[in-house]
Amino acid sequence: MLTKTLTVNNLLGIHARAAARLVALTSRFQSRVLLSRPDRREAIDGKSILGILMLAASRGTALTVTVDGPDETEALAAVEQLFVQDFEEKGAPR
Amino acid sequence: MTRVLQGNGVSGGIAVGHAVKVDKGLPPVFKFRLRPEYVERELARLDEALQKTAGQLRQIQKLLETQLGREHSLMIEAHVMILQDAHFAGAIRDIVRGERVNSEWAIKVTTERIQEAYAKLEDAYLREKIQDVEDISRRLLKNIAGREQNGNHTAYDDIILVGDEIAFSMFSDWDLKHLKGFAVDLGSWTSHTSIIARSLKIPAVIQLNDITARVHTGDFLVVDGTAGTVYVNPDAATVERVRARREPEVEASGPYCLLESREPAPPQAVPDAQLYVNSEIPTELDGYRRLAVRGVGLFRSEYLFLGRSIEGITAGEHEAAYRALAEKIYPDMATIRTFDLGSDKMPELHQRYPEANPALGMRGIRLSLHLGGAFRRQLEGILRANGRGNLRVTFPFISSVDEVREARRILEDVRGSLGDAGRPLPVGVMLEIPSTLFIVDALADLVDFFTLGTNDLVQYTLASSRDGFYNPGPFASAHPALRKGLEIVCREAAARGREVVCCGEMAAHPYFLLILLGIGFRSFSVNVPSLAMVRYILHQVDGEGLRRFYAELSGLSALADIEDLFTRRLGEFFPDRFVQALRQATPNR
């Protein structure tokens with residue numbers, strides 16, 4: 001099991017398109033992916049778009065990502081990459 | 001009485017059209033307890049609907065991807081993900097299994113739970129996302145009930161969508177080319193309505209609060225997306241005033257603009273082709289000289305008087321309107337089509353003759369002959385406005401020689417009563433009812449020219465109304481029956497020296513224009529935005545290639561083979577850089 005805290009840096013936060021990209025990514029891996037906010041106890045399933053949207057992760061939110069499974073190293077690296085790339089957002093105003 | 005509603009414009013421009021209201025919220029749903037042995041069957045029913053829904057969403061996604069690009073198609077991807085989410089499909093399954101209830105009820109409960117959870121969020125953007133879930137649930141419920149979603153069933157081809165808010169997934173239900181504007185109660189700069197409207201470049205007004213309560217489907221609307229104003233059932237003066245504010249006609253863009261800028265115009269590949277413009281309101285023709293057309297091929301007179309009582313329009317009003325038109329284009333000729341009104345276009349008539357579109361009863365010339373006085377006043381107006389002799393008249397919805405005789409008799413009678421003011425006027429008829437194709441020879445003895453209305457002709461020939469649940473597909477206009485009928489028209493009219501002006505959408509479509517040219521038609525009348533494209537084809541098409549293409553087309557009878565022929569041969573027909581533009585112009589679906 002791997003855990004890392006990643007900060008949402010894109011302008012819009014994790015909105016619908018960003019969430020869709022995240023789900024498309026996490027669903028490619030066998031590992032379980034959990035996300036949690038520091039101010040909420042329950043973690044959500046990183047493969048559920050409704051769960052991710054419910055996080056209401058706006059810009060600046062630090063999320064704890066927990067990955068557990070046979071391909072956890074690759075999964076965490078891929079998720080981190082998406083965060084670093086600002087969820088491929090093109091800086092468009094929302 | 002014009003009513004004016006004020007909201008906020010989020011996508012500029014002026015749209016004129018008919019209101020079509022879209023539903024929001026979920027349909028009422030009942031709860032049933034299932035006997036244990038039925039649970040598995042219910043789950044299978046649910047899965048089938050889930051799959052069907054996902055399939056529909058994928059279809060919309062493909063459509064949006066071509067129309068709006070990848071960014072927006074990702075929104076639909078998100079919808080598919082929501083549909084398949086453990087918190088959605090998973091939760092619905094759990095409820096069906098755990099509580100032994102019907103799927104509809106489980107969908108309702110799940111949707112409400114998600115709504116509650118979202119309502120607590122502080123982020124306004126995410127609270128808006130709940131619309132997506134509702135939208136998906138509505139679609140799923142329709143699929144479970146086995147109701148059809150697709151199939152552009154509407155009476156209008158100038159639709160202003162009216163609703164609380166417009167959702168992405170509503171789009172598969174309409175042909176994008178028929179969508180002219182949006183007017184919604186709610187919305188924000190970032191809501192679906194606004195995003196879609198700006199992407200499609202169609203006018204939109206949001207935050208009208210209660211337009212859904214004030215407008216009925218079928219109301220005539222003018223949407224000013226720049227000023228944020230919506231006019232409900234405006235009188236003609238208002239329409240004209242608002243339209244006059246419309247920004248000057250955008251210069252043709254893309255590949256066709258090359259052609260517009262060439263001076264002098266290159267010789268036409270079809271040298272004897274004549275190009276006219278269709279119009280509804282004289283002010284549309286302010287830049288008429290720049291259009292470089294031969295005249296107004298079809299002036300749809302009823303649009304000037306929409307919202308008026310047909311009996312209350314005076315000969316003087318008719319005269320003033322047509323005189324403005326005649327002056328504007330002199331010495332070119334304008335063809336005025338007398339009122340093509342049916343109960344679907346006028347609430348007043350709808351009460352007397354409650355017929356739904358396509359209104360195959362009291363419409364067009366039939367209504368004019370039936371009313372008598374109103375028809376005479378219109379003819380008097382046309383005759384009086386024809387001081388310079390550049391007007392002619394055409395009668396809509398003709399199905400028999402008898403109607404033409406009667407209409408002509410009334411015209412001559414009115415003319416006789418005007419004394420010197422009544423100079424002879426060339427008379428034509430619309431060919432838009434299939435019966436007329438086969439009596440063109442007889443009709444030619446009674447008229448001076450023909451106007452071909454392909455929109456109705458396609459519908460009636462194939463027995464498929466625009467608001468029906470059956471859609472004959474994008475290549476309906478290429479149906480061999482229609483082509484054969486039109487061959488008769490072209491041959492018989494030419495033998496008798498009668499011009500046939502093709503006025504309908506077929507002339508404005510690159511594929512179907514090729515068919516009309518192949519048949520031998522040479523006069524085309526299209527709306528201003530289509531002029532550049534049609535002119536391009538008239539210059540570009542190679543006569544020998546067209547003959548070979550048409551011969552090949554004539555050997556085909558299945559629509560699928562015809563579609564295939566167009567797809568294969570288009571590249572040979574036009575230079576590469578234009579093929580893309582033509583492909584984009586093809587009907588989507």
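Author: Buried means under 20% relative accessible area, exposed means over 50%, and partly exposed is in between, using a 1.4 Å probe and protein chains only. This is a predicted model, in which local features need pLDDT of at least 70 and side-chain atom pairs count only at pLDDT 80 or more, while totals for chains, interfaces and linings use all residues. Residues are numbered from 1 along each chain as its sequence is written, chains are lettered from A and ligands numbered from 1 in the order in which they are written, and side-chain values use heavy atoms, with hydrogens and water left out.

Reader: In what order do the elements of chain A run from the N terminus on?

Author: Helices (H or I, at least four residues) and strands (E, at least two) are DSSP runs, numbered from the N terminus. Chain A has three helices and four strands. From the N terminus on, their order is β-α-β-β-α-β-α.

Reader: What share of the contacts in chain A with a separation of 6 or more joins residues 24 or more positions apart?

Author: Contact means heavy atoms within 4.5 Å. Chain A has 94 residues, and 52% of them are buried. Among its contacts with a separation of 6 or more, the share from residues 24 or more positions apart is 73%.

Reader: How far apart are the end C-alpha atoms of helix α4 of chain B?

Author: The expected span of a helix is 1.5 Å times one less than its number of residues. Helix α4(B), residues 103-119, has 17 residues and should therefore span 24 Å. The expected span agrees with the distance between its end C-alpha atoms, which is 24 Å.

Reader: Which residues of α4(B) are buried?

Author: The test is a relative accessible area under 20%. In α4(B), the residues that pass are Ser103(B), Glu104(B), Ala106(B), Ile107(B), Val109(B), Thr110(B), Thr111(B), Ile114(B) and Tyr118(B).

Reader: How are α3(B) and α4(B) set relative to each other?

Author: Two packed helices are described by the angle between their axes and the distance between the axes. Axes are lines fitted to C-alpha atoms, for helices over the stretch in contact, and angles run from 0 to 180 degrees between N-to-C directions. Helix α3(B), residues 86-99, packs on α4(B) at about 130°, with the axes 9 Å apart. Angles under 35 degrees count as roughly parallel, over 145 as roughly antiparallel, 65 to 115 as roughly perpendicular and the rest as oblique, so α3(B) and α4(B) are oblique.

Reader: How many nonpolar, polar and charged residues does the contact of α3(B) with α4(B) have?

Author: Ala, Val, Leu, Ile, Met, Phe, Trp, Tyr, Cys and Pro count as nonpolar, Asp, Glu, Lys and Arg as charged, and the others, Gly among them, as polar. Residues of α3(B) in the contact include Phe88(B), Ile92(B) and Glu99(B), and those of α4(B) include Ile107(B), Thr110(B) and Arg113(B). By class, the contact has nine nonpolar, four polar and two charged residues.

Reader: Is the crossing of α15(B) and α16(B) left-handed or right-handed?

Author: Helix α15(B) and helix α16(B), residues 401-417, have axes that come within 10 Å and cross at roughly 60°. That angle makes α15(B) oblique to α16(B). A crossing is left-handed if the near helix is turned anticlockwise from the far one by less than a right angle, and right-handed if clockwise. The crossing of α15(B) and α16(B) is right-handed.

Reader: Which residues does Arg376(B) touch, not counting residues up to four places away in sequence?

Author: Arg376(B) lies in α15(B), residues 373-385. Its relative accessibility is 32%, so Arg376(B) counts as partly exposed. Beyond four places in sequence, Arg376(B) touches Ile410(B), Asp413(B) and Val414(B).

Reader: What is the relative accessible area of Thr53(B)?

Author: Thr53(B) is in helix α1(B), residues 39-68. Leaving aside neighbours within four places in sequence, Thr53(B) is in contact with Leu83(B), Arg139(B), Leu140(B) and Asn143(B). Thr53(B) is buried, with a relative accessible area of 0%.

Reader: How far apart are the C-alpha atoms of Leu531(B) and Leu291(B)?

Author: Leu531(B) is in helix α22(B), residues 531-540, and at 4% relative accessibility counts as buried. Its contacts outside four places in sequence include Leu275(B), Val293(B) and Leu291(B). Leu531(B) and Leu291(B) are 240 residues apart along the chain, and their C-alpha atoms are separated by 8.0 Å.
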